[in-house]
Amino acid sequence: MRNTITVMNAKGGVGKSTLVLALAETLSAFHGKRVLVVDADAQSSISHMLMPQQQLTVLQDEGQTLVDFFVASVLKDEPALWRQYVVTGVSDVDDARSIDLIPCDTNLTLLEREISKSDREANLRRAINQLLSEARMAYDFVFIDSAPGLSVVTESWLREADFHLTPTRPDYISTRGLAFLRKFRQRNPEMGFGELLGTIINMKDPQAPEDEQYDHWLRGDPENRCFRQAMLRVTPLQSAAYFSPRPRSYWAKYPGATGDQVRSLTQELLARANELQRR
Ligand SMILES: Nc1ncnc2c1ncn2[C@@H]1O[C@H](COP(=O)(O)OP(=O)(O)O)[C@@H](O)[C@H]1O
Ligand SMILES: [Mg+2]
């Protein structure tokens, strides 16, 4: 099954983590899908969005994050027992009960240096490959929330996952991030690279003519495979980032038109994934 998706834009702040959150919660609450979220960003935004700060700090202190998994499997050549690092049943949405998470830690950047310094990139690819090939069977969808930029870790996820999904803001800098990724993808095709599942236009301001122009321009290039549904810049999506200590309903977190947009985007994603599955 091809169901592993790296969410990536070389530019930060385009909504990668927010969209991973909204897609995972909608796939779980509305479609009964089992979802694994891998936090592959040292800033750990998606970990913060999916669990209480206190719980995350304990996991980080106890060495239960993606970083610790890589230390064992890549630096120490131990068997890649990724399941030990999975936190089950995360998310503050009461109806989204099938989301698991491998959290992250700021030490990811140090680990990346260590991997490069000791020439262990091949071990890294192998560990990621093993994790993904087993997770593919255990989950309906696996999302890897990546860091901006193109570190060896991000490159490995992009090459090993089945797909990549690229959120972008309808502005110049973010679209440069897209062009950069496309160029990078074409550089070493023999090394493998996930297929582009699509580009999501995010944080669009319906009042701004510039946003409309960029939206139009992005859609004009079929290589971008833009999703029909653009995500508007709205307060509920901004607030979604804050983990609520009390479980909340899906409708409270994604109210009204925002919920409509998130569900329509999720439907498109499901349709595309199904279509590509058959090929
Ligand atoms: N559609 C949206 N409307 C309003 N705010 C958004 C939207 N998408 C993301 N945000 C906010 O923008 C900021 C950056 O989003 P984030 O998901 O962290 O981006 P990235 O993961 O690409 O760095 C966060 O404060 C987030 O809450
Ligand atoms: Mg992020």
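Mentor: Helices here are DSSP runs of H or I with at least four residues, strands are runs of E with at least two, and both are numbered from the N terminus. This is a predicted model, where local features need pLDDT of at least 70, side-chain atom pairs count only at pLDDT 80 or more, and totals for chains, interfaces and linings use all residues. Residues are numbered from 1 along each chain as its sequence is written, and chains are lettered from A and ligands numbered from 1 in the order in which they are written.

Trainee: Why is Asn-224 called buried?

Mentor: Count the C-beta atoms, which are placed from the backbone: 20 or more others within 10 Å of a residue's own means buried, 12 or fewer means exposed, and in between is partly exposed. Asn-224 has 20 other C-beta atoms within 10 Å, so Asn-224 is buried.

Trainee: And what is Asn-224 in contact with, leaving aside its neighbours within four places in sequence?

Mentor: Leu-178, Thr-199 and Leu-218. Being in contact means that two C-beta atoms, placed from the backbone, lie within 7 Å.

Trainee: What makes Arg-225 partly exposed?

Mentor: Arg-225 has 15 C-beta neighbours inside 10 Å, so Arg-225 counts as partly exposed. Arg-225 also lies in the loop between helix 9 (209–220) and helix 10. Its phi is positive, about 45°, although Arg-225 is not a glycine.

Trainee: Where does Asp-119 lie, and is it buried or exposed?

Mentor: Asp-119 is in the loop between helix 5 (108–117) and helix 6. With 8 other C-beta atoms within 10 Å, Asp-119 is exposed. Asp-119 has a positive phi as well, near 55°, and is a residue other than glycine.

Trainee: Let's do helices. How do you know that helix 4 and helix 5 are roughly parallel?

Mentor: Two packed helices are described by the angle between their axes and the distance between the axes. Axes are lines fitted to C-alpha atoms, for helices over the stretch in contact, and angles run from 0 to 180 degrees between N-to-C directions. Under 35 degrees counts as roughly parallel, over 145 as roughly antiparallel, 65 to 115 as roughly perpendicular, and the rest as oblique. Helix 4 and helix 5 pack at about 15°, with axes 10 Å apart. They are therefore roughly parallel to each other.

Trainee: Which residues make that contact?

Mentor: Leu-66, Val-67, Phe-70, Val-71, Val-74 and Leu-75 of helix 4, with Leu-108, Leu-111, Glu-114 and Ile-115 of helix 5. By class, that contact of helix 4 with helix 5 has 9 nonpolar, no polar and 1 charged residues. (Ala, Val, Leu, Ile, Met, Phe, Trp, Tyr, Cys and Pro count as nonpolar, Asp, Glu, Lys and Arg as charged, and the others, Gly among them, as polar.)

Trainee: And why is helix 4 called oblique to helix 6?

Mentor: The axes of helix 4 (residues 66–75) and helix 6 come within 9 Å and cross at roughly 120°. That angle makes helix 4 oblique to helix 6. Here Phe-70, Ser-73 and Val-74 in helix 4 meet Asn-123, Leu-124 and Ala-127 in helix 6. The residues of this contact divide into 4 nonpolar, 2 polar and no charged.

Trainee: What makes helix 6 oblique to helix 7?

Mentor: The axes of helix 6 (residues 121–138) and helix 7 (residues 152–160) cross at roughly 45° and come within 9 Å. So helix 6 is oblique to helix 7. The contact of helix 6 with helix 7 has 6 nonpolar, 2 polar and 4 charged residues.

Trainee: Last one: how many residues surround ligand 1?

Mentor: There are 16, and the closest are Gly-15, Lys-16, Ser-17, Thr-18 and Gln-238. A residue is near a molecule or strand if its C-beta atom, placed from the backbone, lies within 6 Å of it. The shell around ligand 1 divides into 6 nonpolar, 8 polar and 2 charged residues. Its largest share, 3 residues, comes from helix 1.
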